[in-house]
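Dear colleague,

Please find below the model I promised to pass on, followed by some notes on the contact between its chains. I would be glad if you could read the notes beside the coordinates.

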Amino acid sequence: MPEVEVIRGGLQTTIQDLGRPGFEHLGISPSGAADPLSLRLGNLLLGNREAAAALEMTLSGPSLRFLGRATIALAGAEMAATLDGQACAHGQPIKVEAGQILELAQVRRGCRAYLAIAGGWPAPLTLGSCSTHCESRIGGFFGRGLRKGDRLPLPPGPVSDVRLSCPRLDEVAPWIFRSTFRVTPGAHSHLFSHADRQRFLNSEFTVTDRCNRLGLRLEGVALEGVPAVASMGVSNGSVQISSNGKATILFVEQQLTGGYPQIATIITADLAALGQLRPRDRIRFAAIDREQALEELRAQAQLFPADFFQKERLPP
Amino acid sequence: MKVEKPWTSRLAGDSALLLELRPGLPREIATKTHASILRARPVGLRSVLPGSRSLLLKFDPLRLEPHALAAHVDAIEASTAHDHRPPRQHSIPICYEATFAPDLEEVAAEKGLKVADVIEMHSMSTYRVDFLGFMPGFAYLSGLPESLRVSRRSEARTNVPAGSVGIADLMTGIYPVETPGGWRLIGRSPQRLFDLDQDPPTLFQPGELVRFAPISAAEFRRIKR
């Protein structure tokens, strides 16, 4: 089978799809693309299923030698790419011939770019998903990021069914490059004082270096009255407050149970934009009501053709 | 006769419903309700995350209304079928030596105990697996003696080594893989807790019993090999 040879792995390049929800009761985090919107866009551009696996490339991208033909597409963070030295654009299918080298540079905007491939990157399914969960070394390419010398198989056969209607990059950009994150109440909002809730909503926070797929630790105002809570299930996008009053946003490789109170939860429609935050970015939170949150989610879904979405169900 | 619902519920974000067990009710109800929800699988439900006295139901907000989900849960009768088999009991080796127990002295000092007392109390107790969560194979073990009750660290450690044994509140647990964590670390176990090639992949299952057997650092290294 033709392969791709990894010349340089990049900072953190992992195989991701839409994750493996439904195994949380075994302690298994859904994981999946940090910016699922961009993953979907890459797949749509190539006529793939929405959940086909792509390479998630973080801050500084990899260098890959294709040993066979393929059609690829780039989406997500603005990460300059060249194919045998020729610049190639994001947001459109690119034909790659055997022997060509695709080189990804540093990001110019955002944090994570996605390299989708027609047919999807082949990787074994672990509990129904190809996604890498780096922390527990599950899924993807041996449960880890790509390194120099790795060889990834290319998908077999040509592809069909290329879509005619795809959102443009500038239509997707406002959804993935954000500095204000909309929130609705978290599990413990009511346990915080009014003053602390106002402080939280009226402050600017800075993303610290402790920012990865597990969570984003923020620097900013310290809240004063942090309530004690029992260990409970937590979800992607929950903003939890440590005993020292500082905020952390739980993210795609999140731990599933937390013992810190959650002051707010980022709306589902803004989760993809978390995947584009990087250290030193400044962000704010804005409270909206649930109806508005769902309105945003519907608007976002309309970027894509309705038949692109797979039916979800809870695995056994 | 009016039967009070065992749960109170509220939204946690736009796509999760938190069910909290009413005070005084046994945690077992959560385990049974959890199993019943997984069997019923209402359309639009994505996953169920257990907590010490709660279940977090994650759902697709465009396909399922939280009110409908709550009504669905109320209609579920937690299975009352009695399981006559005695619960499986695990014996898990733990090394409590200082190199593996960075918080042991601090815990002893805070509780006014000798280090040896902490070790004895921790290893003489029998624990029950309440639920799994946090990380693959991490089991929340209830039954920690009240005299060892401590709070979590004010800020989580960025890297807790795999096998670390932690305590917090009235729970103890073993970190299956290296991960951030906020529990106080009082030992380390060489036991493997999670293996995708096994079915089920987790060593511990809800309802099982666990005891700890103290071992030396030399034994730890031997087992680890």
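**The interface of chain A and chain B**

In this predicted model, Arg210(A) forms a salt bridge with Glu155(B), the closest N and O atoms being 3.8 Å apart; a salt bridge here is a side-chain nitrogen of Lys or Arg within 4 Å of a carboxyl oxygen of Asp or Glu. The count between the two chains is three salt bridges, and the rule also finds 18 residue pairs in polar contact across the interface, both residues being at pLDDT 80 or more (a pair of N or O atoms within 3.5 Å, one able to donate a hydrogen and the other to accept it, with residues adjacent in sequence counted only if both atoms are side-chain atoms; pLDDT is the predictor's confidence in each residue, from 0 to 100).

On the side of chain A that touches chain B, the largest share, five residues, comes from H5(A), and the residues of that side divide into 22 nonpolar, 23 polar and nine charged (Ala, Val, Leu, Ile, Met, Phe, Trp, Tyr, Cys and Pro count as nonpolar, Asp, Glu, Lys and Arg as charged, and the others, Gly among them, as polar). Helices such as this one are DSSP runs of H or I with at least four residues, numbered from the N terminus.

The contact, meaning heavy atoms within 4.5 Å, takes 54 residues from chain A and 52 residues from chain B.

As for confidence, the model scores ipTM 0.92 and pTM 0.89, while chain B has a mean pLDDT of 91, with 95% of its residues at 70 or more.

Residues are numbered from 1 along each chain as its sequence is written, and chains are lettered from A in the order in which they are written. Local features need pLDDT of at least 70 and side-chain atom pairs count only at pLDDT 80 or more, whereas totals for chains, interfaces and linings use all residues; side-chain values use heavy atoms, with hydrogens and water left out.

Best regards

Note on methods
Helices (H or I, at least four residues) and strands (E, at least two) are DSSP runs, numbered from the N terminus.
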